[in-house]
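Hi,

Here is the structure I promised to send over. Have a look at it first, and then read my notes below.

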Amino acid sequence: MKCTRFIIKHMVKYNDELLNDVFHVLSDPTRREIIRRLADGEKTVMSLAEPFEMSLPAISKHLKVLETAGVVSKRKEGTFRYYNVNPDIVDSAKEWLMDLSKFWPEQLNNLEQFLNQNSKDR
């Protein structure tokens with residue numbers, strides 16, 4: 001029980017609004033693929049749109065959602081828009097998941113010990 005309180009208190013440091021935005025963005029397969037492609041480096045809207053069978057306005061809408069969530073950033077050069085992934089935002093979600101993943105093995109071990117103790121008492 002003591003460990004549970006520590007982990008929950010520790011997780012309070014995360015920005016709920018940011019995490020909600022990041023996980024919302026990651027819930028869409030097109031946006032996940034855009035992020036994967038941007039992990040290789042900066043790309044234009046046209047190069048990001050190439051593998052998808054959708055219009056440029058549809059890709060632009062996805063990019064706007066990513067940008068609003070802070071997952072990607074954009075720079076303009078002439079008539080071109082270049083996008084980059086923002087690793088700090090993605091890392092915050094990864095850290096949250098890592099902290100959460102530490103919680104379950106210990107809780108399952110505690111449950112196993114409890115069940116073993118109770119079965120011995122019977």
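Of the 122 residues in the chain, 31% are buried, where buried means under 20% relative accessible area, exposed over 50% and partly exposed in between (1.4 Å probe, protein chains only). Please keep in mind that this is a predicted model, in which local features need pLDDT of at least 70 and side-chain atom pairs count only at pLDDT 80 or more, while totals for chains, interfaces and linings use all residues. Residues are numbered from 1 along each chain as its sequence is written, and side-chain values use heavy atoms, with hydrogens and water left out.

The chain has six helices and three strands, in the order α-α-α-β-α-α-β-β-α. These are DSSP runs numbered from the N terminus (helices: H or I, at least four residues; strands: E, at least two).

Now to the charged residues. The chain has four salt bridges, each being a side-chain nitrogen of Lys or Arg within 4 Å of a carboxyl oxygen of Asp or Glu. One of them joins Glu-33 to Arg-36, with the closest N and O atoms 2.7 Å apart. These two are three residues apart in helix 3, which means about one helical turn lies between them. Another pairs Glu-42 with Arg-75 at 2.8 Å, N to O. Glu-42 sits in the loop between helix 3 and strand 1 and Arg-75 in strand 2 (residues 72–77), so this bridge ties together parts 33 residues apart in sequence. Glu-42 and Arg-75 also belong to a salt-bridge network with Glu-77. Glu-67 and Lys-74 form a salt bridge as well, at 3.8 Å from N to O.

Which charged residues are buried yet have no salt bridge? Lys-43 is one of them, and its nearest side chain of opposite charge, Asp-40, is 4.7 Å away; here Lys and Arg count as positive and Asp and Glu as negative, with His and the chain ends not counted. The Lys-43 side chain does reach the backbone oxygen of Arg-37, at 3.2 Å. Arg-37, in helix 3 (residues 29–38), is likewise buried without a salt bridge, and Glu-33 is 4.6 Å from it as the nearest side chain of opposite charge.

Finally, the surface: Trp-104, Leu-108, Leu-111, Phe-114 and Leu-115 make a nonpolar patch with about 540 Å² of accessible area together. Patch residues have over 30% relative accessible area and no salt bridge; like charges are joined within 9 Å and nonpolar side chains (Val, Leu, Ile, Met, Phe, Trp, Tyr) within 5 Å. Areas come from the Shrake-Rupley method with a 1.4 Å probe, and for residues only the protein chains shown count as cover.

Best wishes

Methods: Polar contact = N/O pair within 3.5 Å; in protein donor to acceptor, adjacent residues only side chain to side chain.
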